[in-house]
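The chain and its coordinates come next.

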Amino acid sequence: MKIRNIFAISALTVASVAAAQQINPITKAVLDGYEMSLRENPKDYETLYQRAAQYYSLSMYDNALTDIVKAIDCTPAKDKESLKREYSLMADIEIELKEYAKALIAVEKALEYAPDSYPDLYRKGNILLHLKDGEAAYRTFSGMQRLKSRSQEAYFGMAKACLLVGKNTEAESLMKEAQNADPTSAITFCRIGDLYREMGDNQQAAANYLSAFALNSDSDRPLQSLISLGNVDFQSVADAVDYALTRSENRIPLYFIKGNIANFTGNYQQAYDAMQGLLKIPAGQEASVYASLAKSCFALDKLEEAAENIDKALAKSNTVENLILKSEIERASGRPSAALISAGKALQGDQSNPDAMIAVALANVDLKDYQKALSNLNEAVITDAADPYPLMLRAWVNSECLGNSKPAVADRNRVASMPADKFPEIAYKALAKALNGKKIDADEIMEKALSGQPDKNDCYFAAMYYAQTGNLEKARQWKERAVNAGYSDLHKLNSDRTANLNLSPLSHL
């Protein structure tokens with residue numbers, strides 16, 4: 001199997017947040033039809049239910065809840081089938097709104113109309129897990145098992161309930177029963193891996209995710225799980241892959257998994273080693289391998305080697321992503337004209353790609369063509385208005401390169417007003433406030449964000465913030481914490497000079 005068919009790392013994300021979908025013309029026409037129908041008959045509970053379901057599918061949960069409450073109020077008591085369906089949907093809506101106590105009331109009403117409803121029992125069991133009622137959840141999932149004796153959902157539900165009350169041994173027994181119920185499913189092993197993560201046994205979690213990958217290498221789910229685990233415990237993932245390498249003749253996908261997860265999670269030396277091992281195998285000499293090796297070389301500040309490998313990648317696959325990486329390497333190597341050419345080719349390949357626009361802008365900054373850089377950044381901001389990074393770059397170009405303080409202040413105010421619940425967005429928000437004269441507020445943002453358990457990346461961005469706001473000793477401490485936590489991007493730590501989003505103020509220490 002070709003590597004390119006095994007793993008498209010750039011297409012994966014570890015975690016995603018549900019957002020309301022954009023309403024397309026067909027969906028809008030359907031909603032308009034519901035509206036016209038309800039104008040004629042506001043108590044048409046069937047239409048109210050259908051519109052609530054449509055709103056639910058669009059993640060418009062408040063609208064969905066309003067409609068389903070009206071539907072229930074208008075449904076005749078004798079129409080038990082409709083009421084059961086409506087209460088089930090209400091439970092789903094309340095779950096999405098994280099109103100679990102209300103969801104429990106709704107699903108119990110649904111079960112009054114159909115006590116043996118397998119989906120509603122499953123719904124109830126999961127609600128009880130959210131409510132941390134392990135004993136009640138166990139009883140509910142047991143009820144599902146009476147309906148379907150080999151139910152995986154019941155086994156996994158009971159196992160989760162056992163974990164809630166500290167019965168880990170019983171949970172493991174139930175996990176084995178779930179595996180026996182469907183031993184050839186990748187999802188089975190992913191779910192077992194998830195439970196081992198809940199138990200704090202990351203090595204067993206990694207082993208099960210790898211088993212899932214072996215069963216279905218075309219599925220993103222095992223890889224997403226490995227990446228998620230690798231973000232918090234890369235060593236467990238690496239150990240599981242190394243063990244698999246000793247027992248498998250097909251070493252290519254295992255090297256590729258390890259190398260790409262290492263790159264993705266910022267373990268660049270391990271990525272470098274894995275990709276070097278892969279390139280020793282003729283079948284492993286693919287464009288994606290050379291590109292991954294170039295990425296790890298870049299992070300390790302091995303710029304000549306990075307340039308050699310990205311050229312080999314481009315010779316095999318002239319992708320936009322590879323061209324952007326080439327431009328970054330050329331900029332870091334002091335070759336802005338070459339960087340501009342590569343970034344321009346990337347933008348020609350995808351004229352709506354904000355990363356390509358930013359790459360062109362940064363090359364133009366290095367060439368001191370600030371007006372062109374500003375034009376490129378304007379396009380990037382328009383293309384992705386929710387991304388604070390191009391706004392911070394544009395503010396810096398206006399302020400530091402063109403002497404235009406007013407638009408710079410406006411851009412930083414815009415970043416400061418953006419919601420931010422994770423790094424680097426938190427650091428950008430705080431830095432924007434500090435640079436606009438609100439350093440006390442900015443420091444409070446950072447102190448609050450760092451009061452928990454910041455990871456290596458959080459520590460790096462904390463160092464960046466304090467370096468750029470003049471607290472060099474605190475910046476040095478956070479840089480040291482980042483390194484001690486495993487932050488290994490040497491380019492970012494020592495060489496990066498991008499705008500004011502770097503550690504350059506520490507360069508003399």
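Axes are lines fitted to C-alpha atoms, for helices over the stretch in contact, and the angles run from 0 to 180 degrees between N-to-C directions. Helices (H or I, at least four residues) and strands (E, at least two) are DSSP runs, numbered from the N terminus.

The model is predicted: local features need pLDDT of at least 70 and side-chain atom pairs count only at pLDDT 80 or more, while totals for chains, interfaces and linings use all residues. Residues are numbered from 1 along each chain as its sequence is written, and side-chain values use heavy atoms, with hydrogens and water left out.

**Overall description**

The protein has 29 helices and 0 strands. Its C-alpha trace spans about 75 × 60 × 45 Å along the principal axes. Of the 509 residues, 49% are buried, where buried means under 20% relative accessible area, exposed over 50%, and partly exposed in between (1.4 Å probe, protein chains only). Contact means heavy atoms within 4.5 Å. Among contacts with a separation of 6 or more, 54% are between residues 24 or more positions apart.

**Helices 15 and 16**

Helix 15 (residues 252–264) and helix 16 (residues 268–279) have axes that come within 7 Å and cross at roughly 155 degrees. The two helices are therefore roughly antiparallel to each other. On the helix 15 side the contact includes I252, Y255 and F256, and on the helix 16 side it includes Y268, Q270 and A271. By class, this contact has 9 nonpolar, 5 polar and 1 charged residues. Here Ala, Val, Leu, Ile, Met, Phe, Trp, Tyr, Cys and Pro count as nonpolar, Asp, Glu, Lys and Arg as charged, and the others, Gly among them, as polar.

S292 lies in helix 17 (residues 287–299) and is buried, with a relative accessible area of 8%. Leaving aside neighbours within four places in sequence, S292 is in contact with N260, N263 and M275. N260 and N263 of helix 15 and M275 of helix 16 also belong to the contact between those two helices.

**Loop residues**

V165 lies in the loop between helix 9 (152–164) and helix 10 (168–181). Not counting residues up to four places away in sequence, V165 touches G134 and E135. V165 and D133 are 32 residues apart in sequence and 8.6 Å apart in space, C-alpha to C-alpha.

Two residues other than glycine have a positive phi: D301, near 65 degrees, and K368, at about 65 degrees. D301 is in the loop between helix 17 and helix 18 (303–316), and K368 is in the loop between helix 21 (354–366) and helix 22 (370–383).

The peptide bond from F423 to P424 is cis, with omega near 5 degrees. P424 is placed in the loop between helix 24 (405–416) and helix 25 (425–435).

**Accessibility and cysteines**

| Residue | Relative accessible area | Class |
|---|---|---|
| V165 | 40% | partly exposed |
| D301 | 27% | partly exposed |
| K368 | 61% | exposed |
| C74 | 24% | partly exposed |
| C297 | 0% | buried |

How many disulfides are there? With a disulfide taken as a pair of cysteine sulfur atoms within 2.5 Å, the count is 0 disulfides.

Note on methods: Parallel < 35°, antiparallel > 145°, perpendicular 65-115°, else oblique.
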